[in-house]
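User: I would like to go through a structure with you. Could you take my questions one at a time?
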Amino acid sequence: MKRNCVIIGGGPAGYTAAIYAQRAGLQPVLFEGMLPGGQLTTTTHVANYPGFADGIDANALMQAMRAQAENLGAELRGGIVTGVEAQGNDYKVTLDGGETIVTKTVVIATGASAKYLGLPSEEKYKGLGVSACATCDGFFYRRKTVAVVGGGDTACEEATYLASLCKKVYMIVRRNVLRASEAMQKRVFETENIEVLWECSTKEILGDEYGVTGARLQRKDGEVFDVQLDGFFLGIGHHPNSDLFHALVEVDENGYIRTAADCTRTTAKGIFAAGDVQDTRYRQAITAAASGAQAAMDVKAYLDSEYEK
Ligand code: NDP
């Protein structure tokens with residue numbers, strides 16, 4: 001049976017696309033991939049998703065989105081998509097077990113993954129002081145001391161955001177310059193409680209049974225020293241999960257899928273992209289959910305114009 005719509009990705013964008021597509025009568029099938037719930041499940045408490053006066057547990061939020069899609073009748077499946085290829089006006093989607101599905105449209109909502117340094121101690125304290133999202137977790141460090149690693153726009157934005165909440169913010173920068181835009185650098189340098197630790201790399205994140213207590217750094221000249229911290233934030237970039245689709249749709253120089261300025265349409269007819277896989281700027285659960293809704297509406301309009309008339 002040919003499907004109307006296959007949605008790839010089980011994060012806020014994917015589940016919301018499924019909710020809207022199902023309500024539009026499209027009977028979508030959604031493949032949740034390796035991390036059902038998406039990036040949000042790597043954090044704990046979500047305080048900035050509207051509708052929850054006291055915030056909500058991140059996993060509970062994702063389970064609720066998932067349940068909503070399922071209760072409406074959308075088909076949610078655990079398989080991993082290993083390939084998508086054009087087949088006439090349609091697309092053939094291949095799953096890890098070898099099964100193939102033919103569909104008129106595809107919504108790519110595979111998200112992005114924050115880059116981590118790859119230290120065992122970083123893994124150990126993930127969610128216990130190590131975070132890759134200042135907007136999500138900064139609130140827990142009010143009047144405390146934190147560090148942000150990285151020197152690009154993301155790190156500078158995280159550092160200035162955290163500086164508005166925290167007592168002190170260190171930026172751990174591996175070179176003697178920032179990669180960030182001039183404007184962003186200026187903001188960092190003009191913020192009194194940000195101190196840049198130049199030419200430093202992180203050897204280890206220090207902690208106890210309650211979480212992060214500091215970081216062991218090494219300067220380029222070889223000096224090793226410790227800083228006391230309550231939180232350690234990664235700001236070394238994100239990797240959009242778009243590798244599977246590079247032959248199909250146009251991506252920018254960082255791998256983000258290019259979409260039309262006014263909608264979620266990609267450069268391939270019938271393929272739409274939603275959420276962080278196409279968002280270089282906002283990367284919030286709420287913005288991902290919103291673009292998932294847009295993708296489903298774009299799919300519906302596309303099907304109406306291409307197939308139904
Ligand atoms: P970038 O790739 O621009 O910067 C990554 C930073 O992390 C660099 O300073 C890099 O150092 C450092 N880094 C990378 N790997 C390591 C490592 N292993 N150890 C220590 N440091 C490391 O990523 P961003 O996420 O900052 O930005 C991505 C894109 O998104 C850019 O085009 C940016 O302009 C854009 N963006 C725009 C924003 C806005 O306009 N508001 C906000 C956020 C991002 P080095 O410089 O030495 O390579």
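User: Where does Glu 199 lie?
Analyst: Glu 199 lies in the loop between β13 and β14. Helices (H or I, at least four residues) and strands (E, at least two) are DSSP runs, numbered from the N terminus. This is a predicted model, in which local features need pLDDT of at least 70 and side-chain atom pairs count only at pLDDT 80 or more, while totals for chains, interfaces and linings use all residues. Residues are numbered from 1 along each chain as its sequence is written, and side-chain values use heavy atoms, with hydrogens and water left out.

User: What is phi of Glu 199 near?
Analyst: Phi of Glu 199 is near 50 degrees, a positive value in a residue other than glycine. Glu 199 counts as partly exposed, at 25% relative accessibility. Buried means under 20% relative accessible area, exposed over 50%, and partly exposed in between (1.4 Å probe, protein chains only).

User: And Arg 143, buried or exposed?
Analyst: Arg 143 is exposed, with a relative accessible area of 66%. Arg 143 lies in the loop between α4 and β11, and its phi is near 60 degrees, again a positive value in a residue other than glycine.

User: What about β14, then: which way do β14 and β15 run?
Analyst: Strand β14 (residues 200–208) and strand β15 (residues 211–219) run antiparallel, joined by eight bridges. They form a hairpin with two residues between them. Two strands pair if DSSP finds at least two bridges between them.

User: Which residue is the bridge partner of Cys 200?
Analyst: The partner of Cys 200 is Arg 219, in β15.

User: Changing topic: in what order do the strands of the open sheet come?
Analyst: The order is β10-β17-β11-β12-β13, five strands with parallel pairing. β10 (130–131) and β13 stand at the edges with a single partner strand each, so one side of each has no neighbour in the sheet.

User: How many bridges join β10 to β17?
Analyst: Two bridges join these parallel strands. Val 130 stands opposite Phe 232 in β17.

User: Which residues of α5 are buried?
Analyst: In helix α5 (residues 153–163) the buried residues are Ala 155, Cys 156, Glu 158, Ala 159, Thr 160, Leu 162 and Ala 163. An α-helix has 3.6 residues a turn, so residues three or four places apart point the same way.

User: What covers them?
Analyst: The cover of the buried residues of α5 includes the helices α4 (134–137) and α6 (182–189). It also includes the strands β11 (145–149), β12 (168–172), β13 (194–197) and β17 (231–234).

User: Gln 228 next. Which residues is it in contact with, leaving aside neighbours within four places in sequence?
Analyst: Gln 228 is in contact with Thr 145, Tyr 170, Thr 213 and Gly 214, where contact means heavy atoms within 4.5 Å. Gln 228 is found in strand β16 (residues 224–228) and is exposed, with a relative accessible area of 70%. The C-alpha atoms of Gln 228 and Ile 101 are separated by 53 Å, and these residues are 127 apart along the chain.

User: Finally, the overall picture: how many helices and strands are there?
Analyst: The protein has seven helices and 19 strands. Of its 309 residues, 51% count as buried. Its C-alpha trace spans about 70 × 40 × 35 Å along the principal axes. Among contacts between residues at least 6 apart in sequence, 58% join residues at least 24 apart.
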